[in-house]
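Keep the structure open beside you as you read.

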Amino acid sequence: MRFRRSRQEEVTVNLTPLIDVVFLLLIFFMVTTTFTRETQLQITLPDSQSEAAAENSSLIEVLVDRTGTYAVNGQVLIKHDIESLKQALKTVSDGDVDRAIVITADAQAPHQAFIHALDAVAQQGFNKVSITTQAQSSE
């Protein structure tokens, strides 16, 4: 007995559904992704040198003491909040955000007070910011 052989169909892989799924996933991720622009304060840390740096008359100095009290150019602020610090910076700078700012904080100052000082400087638009440090004593 002879059986008839059935014709073998050519096996192919249809990529169209795969490409459709990939495009749908791409569109889904593009639509659901949120793009946030993170603003970061660029800080230039000063180098430790044995000789004193030249005084700059247009320099604004922000001091943070160990209790979290702020002083701008030697004037102690009555309130310890970020809004009064921003207002003092605006008054001292006369709107000139190109002036350099030096932040000096006591080693025992609350970290939050230091961060508030950095945040106030950033919110006012200053971009030349330095943080003062001192060399460790060899006691």
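**A walk through the fold**

L26 counts as partly exposed, because its relative accessibility is 44%; the scale here calls a residue buried under 20% relative accessible area, exposed over 50% and partly exposed in between, with a 1.4 Å probe and protein chains only. Before going further, note that this is a predicted model, where local features need pLDDT of at least 70, side-chain atom pairs count only at pLDDT 80 or more, and totals for chains, interfaces and linings use all residues. Residues are numbered from 1 along each chain as its sequence is written, and side-chain values use heavy atoms, with hydrogens and water left out.

Back to L26, which sits in helix α1, residues 16-32. Helices here are DSSP runs of H or I with at least four residues, strands are runs of E with at least two, and both are numbered from the N terminus. L26 belongs to a nonpolar surface patch together with V13, L15, L18, I19, V22, F23 and M30, and the group has about 810 Å² of accessible area. To join such a patch, a residue needs over 30% relative accessible area and no salt bridge; nonpolar side chains (Val, Leu, Ile, Met, Phe, Trp, Tyr) are joined within 5 Å, and like charges within 9 Å. The areas come from the Shrake-Rupley method with a 1.4 Å probe, and for residues only the protein chains shown count as cover.

How many aromatic pairs does a search of the whole structure find? One: F28 and F29, edge-to-face, at 5.5 Å centre to centre with 65° between the planes. Rings of Phe, Tyr and Trp (its six-membered ring) pair if their centres lie within 6.5 Å, and planes under 30 degrees apart are stacked, over 60 edge-to-face and the rest tilted. F28 is partly exposed, at 47% relative accessible area.

Now zoom out. The protein chain has three helices and six strands, running α-β-β-β-β-α-β-α-β from the N terminus on. Of its 139 residues, 22% count as buried. Among contacts (heavy atoms within 4.5 Å) with a separation of 6 or more, 69% are between residues 24 or more positions apart.

On to the inside. The largest nonpolar core has 22 residues, and L85, L89, I101 and I103 touch the most other members. Such a core is a set of buried Ala, Val, Leu, Ile, Met, Phe, Trp, Tyr and Cys residues joined through side-chain atoms within 4.5 Å. I101, leaving out residues up to four places away in sequence, touches partners including L59, V62, L89, V121 and F126.

Finally, the charges. There are two salt bridges, a salt bridge being a side-chain nitrogen of Lys or Arg within 4 Å of a carboxyl oxygen of Asp or Glu. K86 and E83 make one of them, at 3.4 Å, N to O. They are about one helical turn apart, because three residues separate their positions in helix α2, residues 82-93. K86 is buried, at 15% relative accessible area, while E83 is partly exposed at 47%. Beyond its neighbours within four places in sequence, K86 is in contact with A120, Q123 and Q124.

D106 and R66 also meet in a salt bridge, at 3.9 Å, N to O. This pair links distant parts of the chain, 40 residues apart: D106 is in the loop between β5 and α3, and R66 in the loop between β2 and β3. D106 is partly exposed at 29%, whereas R66 is exposed at 52%.
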